[in-house]
Amino acid sequence: MDTYITLKTFTYPSEAYILRGKLESEGISCFLQDELTVQSNPLYSNAVGGVKLQVKEADLSEATSIML
């Protein structure tokens with residue numbers, strides 16, 4: 001089972017889509033936790049801690065270098 005780790009947190013899903021697209025184009029699997037919750041009501045973003053861009057633990061170092 002793959003373990004996912006939060007790479008970065010965003011206030012709104014639209015902000016996360018850019019980085020997710022870049023990581024996926026480099027072959028890194030990504031997941032946006034709480035994306036749909038914040039889409040349904042943007043005011044929930046602070047309550048749930050924002051939208052979390054998560055990557056597999058094995059891809060963390062590569063994803064970090066791409067993000068910078």
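This is a predicted model: local features need pLDDT of at least 70, side-chain atom pairs count only at pLDDT 80 or more; totals for chains, interfaces and linings use all residues.
Reader: In what order do the strands of the open sheet lie?

Author: Helices (H or I, at least four residues) and strands (E, at least two) are DSSP runs, numbered from the N terminus, and two strands pair if DSSP finds at least two bridges between them. Strand 1 (4–10) and strand 2 (30–33) each have a single partner strand and stand at the edges, so one side of each has no neighbour in the sheet. The pairing is antiparallel, and the order of the three strands is 1-3-2.

Reader: What is the bridge partner of Y4 in strand 3?

Author: Strand 1 and strand 3 (residues 51–56) run antiparallel and are joined by six bridges. Within this pairing, T9 stands opposite K52. For Y4, the bridge partner in strand 3 is K56.

Reader: What angle does the direction of helix 1 make with that of strand 2?

Author: Axes are lines fitted to C-alpha atoms, for helices over the stretch in contact, and angles run from 0 to 180 degrees between N-to-C directions. Helix 4 (residues 60–67) lies across strand 1 and strand 3, at about 20° to strand 1. Helix 1 (residues 13–25) packs on the sheet and touches strand 1, strand 2 and strand 3, where contact means heavy atoms within 4.5 Å. With the direction of strand 2, that of helix 1 makes an angle of about 165°.

Reader: Is K52 buried or exposed?

Author: Residues under 20% relative accessible area are buried, those over 50% exposed, and those in between partly exposed (1.4 Å probe, protein chains only). Five of the six residues of strand 3 are buried, so this strand is largely enclosed by the rest of the structure. K52 belongs to strand 3, and among the residues it touches are T6, F31 and L32. Its relative accessible area is 14%, so K52 is buried.

Reader: With which side chain does the side chain of K52 make a polar contact?

Author: A polar contact is a pair of N or O atoms within 3.5 Å; within protein, one must be able to donate a hydrogen and the other to accept it, and residues adjacent in sequence count only if both atoms are side-chain atoms. At 2.5 Å, the partner of the K52 side chain is that of D34.

Reader: What is the relative accessible area of Q39?

Author: Q39 is found in helix 2 (residues 35–40), and its side chain makes a polar contact with that of Y17 at 2.6 Å. Q39 and P13 are 26 residues apart in sequence, with 7.1 Å between their C-alpha atoms. Q39 is partly exposed, with a relative accessible area of 43%.

Reader: What is the radius of gyration of the chain?

Author: The elements of the chain run β-α-β-α-α-β-α from the N terminus on. The globule rule, 2.2 Å times the number of residues to the power 0.38, is set against a radius of gyration taken over C-alpha atoms. For 68 residues the rule gives 11 Å, and the chain is as compact as a globular protein of that length because its radius of gyration is close to this, at 12 Å.

Notes:
Residues are numbered from 1 along each chain as its sequence is written. Side-chain values use heavy atoms; hydrogens and water are left out. Lists of a residue's contacts leave out its neighbours within four places in sequence.
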